[in-house]
Amino acid sequence: MEKRIFETEFKGRTLTVEIGQLAKQASGAALIRYGDTVVLSTVCVSKTANILSDFFPLMVLYQEKLYSVGKIPGGFIKREGRPSEAATLAARMIDRPMRPLFPENFRNEVQIVNTVLSVDPDNSPELTAMLGSSIATSISEVPFEGPIAGVKVGRVNGKFVINPTVEELENSDIDLTVAGTIDAINMVEAGAKEVKEDDMLEALMFGHDAIKELIKFEKKIIKEVGKEKMEYEILQITDELKEEIYSLAKEPLDSAMRIKDKLEQYAAIDKVKEDVVAKFEYENASLDKDELNELLTKVKLCLGQVEYEVFRKIVVKEKKRADGRKMTDIRPLSTDIDLLPRTHGSALFTRGETQSLSVVTLGALGEHQIIDGLSPEDQKRFMLHYNFPQFSVGETGRYGAPGRREIGHGALGERALQQVIPSEDEFPYTIRVVSEILESNGSSSQASICAGCMALMAAGVPIKAPVAGIAMGLITDNDDYTILTDIQGMEDHLGDMDFKVAGTKDGICALQMDIKIKGITKDILKEALEQAKKARMEILKVITKQIKEPRKEVSKYAPKTMIFTIDPLKIKDVIGKGGEMITKIILEASNVETITDMNAVKVDIEEDGRVIIYHSNQEIIDKTAQMIKNVVKEVEIGKIYTGRVVKVIDELGCFVELWEGCEGLVHISQLSDKRIEKTSDVVSLGDEIIVKATGFKNGKLNLSRKEVLIKDKITDVKVENKETKKEEKTEK
């Protein structure tokens with residue numbers, strides 16, 4: 001194919017799609033230029049399919065290349081390695097709106113790879129990659145019921161903005177990413193500063209109008225260069241087999257789904273399926289291994305379909321839920337705080353059979369997370385990490401590095417609580433929240449937000465308002481639908497929507513929506529948001545009953561802080577050559593041997609001259625502060641000081657320490673108003689004497705005792721920062 005270029009103006013910026021020059025051996029490829037952001041999106045599909053598999057093998061990658069922002073990767077090997085959290089989240093964001101639009105029975109492996117080649121921070125590479133993924137897939141032979149597109153929506157000074165710049169986003173109270181088809185929205189990701197439900201709905205619709213413009217542009221490209229869609233193999237299941245399985249499994253599955261206890265319910269459902277599979281295996285034992293395996297796969301797929309239909313009948317037609325709740329009911333709630341005595345803050349939140357233990361740790365600002373990525377943001381002082389061990393669902397399984405799901409759930413919780421975290425000036429700490437999921441039956445990410453909020457307040461973090469989260473579900477049956485409050489595992493697995501809403505009593509802080517159908521309407525979104533608000537208010541009452549507001553002080557085990565400001569030009573003096581001075585201060589003040597000792601005081605020095613000191617012992621903080629102030633303190637010429645003699649040289653004079661780090665010379669001629677033969681006739685090592693600062697010579701401070709003597713004895717001389725005192729040593 002010869003190179004083709006398609007260009008359009010989108011919201012005041014040029015959007016260009018180039019096809020036919022790069023990655024020509026891929027099933028589909030498109031180079032997308034959005035301003036100075038450039039992303040290459042490719043798609044490849046396997047020639048054969050594993051039709052006996054029960055899932056669609058789709059892989060979406062978002063590959064950050066640090067050369068795209070003129071950076072050399074950190075670390076020893078200086079090359080890109082495993083995906084960053086930002087890259088993982090970007091890949092998930094592209095996967096979520098695209099996955100529901102592949103044919104249900106399509107089993108060929110598909111890989112969508114987005115390579116970020118150049119980044120202009122004002123033109124989102126993530127959304128550029130989403131557009132490229134849709135175009136590359138749509139023009140390829142891969143069957144896909146798109147195209148899709150996504151935009152970011154901000155609101156600056158009350159006005160909605162599509163794909164806001166970095167500066168506009170900093171001044172925006174909404175950070176919304178919305179994706180969908182030309183007909184409906186099918187993915188939402190948002191952070192917001194307590195925004196009203198009606199305003200958020202308006203932002204969603206504003207974003208969808210912009211999406212329609214992009215999809216019209218895509219359709220023009222697809223019409224001109226799109227390939228014919230491939231034929232693909234599917235597993236053929238006869239109507240007779242479907243009817244037989246339906247008659248065997250319908251009533252037992254119906255009974256099993258009405259069991260209230262999760263583990264008992266799942267065990268009963270599994271037992272029904274196992275019995276039906278065993279029956280077919282026994283009756284067809286004469287078939288060869290491959291034929292029997294294919295038959296049993298068909299049986300299992302049919303059982304899944306029966307389960308799906310029975311569940312919908314119970315919820316949509318009968319308006320019943322397995323655990324007996326009404327559609328708007330929340331499962332029983334319970335809370336607790338201060339479970340862990342030595343942590344800085346801890347809280348437990350239980351909703352039905354979902355439970356999160358959240359723990360807060362406070363650290364120095366210097367302990368922030370360093371981000372080596374494409375974003376202008378290079379550090380983060382608030383983090384929420386989510387852990388989902390297999391025991392939380394009563395199973396064995398893999399343990400290792402966090403997966404995409406854990407990263408995604410953690411990011412959602414972090415986004416919700418970030419909106420109420422105090423500024424660095426208000427609360428100069430790095431803050432880490434860890435959510436340990438101890439039980440799970442749906443909506444564990446929202447339980448993490450609730451537990452995390454209470455743990456923050458218990459830790460004394462002055463958050464602006466309590467935050468709670470709830471997960472909403474949607475079950476459709478043709479034109480009929482039902483919205484569920486506080487969905488549990490079965491309702492999530494067999495439902496059509498997982499819509500998570502978190503916020504304060506005043507508005508929304510975070511949204512996330514994933515759906516398994518092609519899209520949902522404005523009316524459904526409006527109803528879900530209103531229903532979620534009522535549930536959120538109920539949960540907030542439970543949270544604030546447990547802990548009404550943040551504690552006034554941090555835990556005795558958390559580091560205390562002291563903040564003061566020095567002249568930025570003096571920072572180099574405090575740090576010293578190779579860090580010698582600050583190391584000396586830390587070791588002496590803390591009385592430790594190494595600065596890595598857990599009892600060592602922590603000192604952060606900002607570029608603007610702010611000094612922030614952290615330690616659990618206030619005396620050590622005070623001592624550290626005084627030592628730093630001594631380093632930067634300047635001598636005022638003509639002022640009188642009390643100092644200590646630290647060195648005596650008979651022929652020269654003596655060196656006097658005014659404060660730690662500040663010494664000056666009292667020449668022998670300036671020791672007395674009389675002529676003296678040697679210094680030791682007047683002063684001894686360790687003596688405290690009163691001197692006047694007379695100036696500097698060759699960078700060295702000169703002092704005079706002579707100028708403060710009155711006759712042969714010092715009397716009633718006022719000294720800086722000291723009460724009137726007499727010098728103990730008199731002239732000899």
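This is a predicted model: local features need pLDDT of at least 70, side-chain atom pairs count only at pLDDT 80 or more; totals for chains, interfaces and linings use all residues.
User: Which residues of α13 are buried?

Analyst: Helix α13 spans residues 580-590. A residue counts as buried when its relative accessible area is under 20%. In α13 that applies to I582, I585, I586, A589 and S590.

User: How wide an arc do those buried residues cover around the axis of α13?

Analyst: The buried set is I582, I585, I586, A589 and S590. They sit on the same side of α13, because the arc they cover around the axis is only 100°.

User: Next, α8 and α9. How are they oriented to each other?

Analyst: Helix α8 covers residues 404-418 and helix α9 covers residues 444-458, with axes that come within 9 Å. The axes cross at roughly 45°, and the crossing is right-handed. An angle under 35 degrees would count as roughly parallel, and the roughly perpendicular range is 65 to 115. The two helices are therefore oblique.

User: Which residues make that contact, and how do they divide by class?

Analyst: From α8 come R405, H409, L412, G413, A416 and L417, while α9 brings S444, S445, Q446, I449, G452, C453 and L456. Gly is counted with the polar class here. By class, the contact of α8 with α9 holds six nonpolar, six polar and one charged residues.

User: What is the phi of S443?

Analyst: S443 is found in the loop between β17 (430-439) and α9. S443 is buried, as its relative accessible area is 9%. Its phi is positive in a residue other than glycine, with a value near 65°.

User: Beyond α9, what separation do the C-alpha atoms of A465 and E194 have?

Analyst: A465 belongs to the loop between α9 and β18 (468-477), and it is buried at 14% relative accessible area. Not counting residues up to four places away in sequence, A465 touches E194, V420 and T504. A465 and E194 are 271 residues apart along the chain, and their C-alpha atoms are separated by 9.7 Å.

User: How are α2 and α4 oriented to each other?

Analyst: The axes of α2 (residues 125-139) and α4 (residues 197-225) come within 9 Å. Their crossing is right-handed, at roughly 30°. Angles under 35 degrees count as roughly parallel. So α2 and α4 are roughly parallel.

User: Which residues form the contact, and how do they divide by class?

Analyst: On α2 the contact is made by L131, S134, I135, S138 and I139, and on α4 by E218, I221, I222 and V225. In the contact of α2 with α4, the residues divide into six nonpolar, two polar and one charged.

User: What is the omega of the peptide bond from G146 to P147?

Analyst: P147 is located in the loop between α2 and β7 (149-156). The bond from G146 to P147 is cis, with omega near 5°.

User: To finish, which residues is G638 in contact with, leaving aside its neighbours within four places in sequence?

Analyst: G638 is in the loop between α14 and β25 (640-649). At 41% relative accessible area, G638 is partly exposed. Its contacts, with those neighbours left aside, are K692 and A693.

Conventions
Residues are numbered from 1 along each chain as its sequence is written. Side-chain values use heavy atoms; hydrogens and water are left out. Axes are lines fitted to C-alpha atoms, for helices over the stretch in contact, and angles run from 0 to 180 degrees between N-to-C directions. Helices (H or I, at least four residues) and strands (E, at least two) are DSSP runs, numbered from the N terminus. Angles under 35 degrees count as roughly parallel, over 145 as roughly antiparallel, 65 to 115 as roughly perpendicular and the rest as oblique. A crossing is left-handed if the near helix is turned anticlockwise from the far one by less than a right angle, and right-handed if clockwise. Contact means heavy atoms within 4.5 Å. Buried means under 20% relative accessible area, exposed over 50%, partly exposed in between (1.4 Å probe, protein chains only). The arc is that of the directions from the helix axis to the C-beta atoms.
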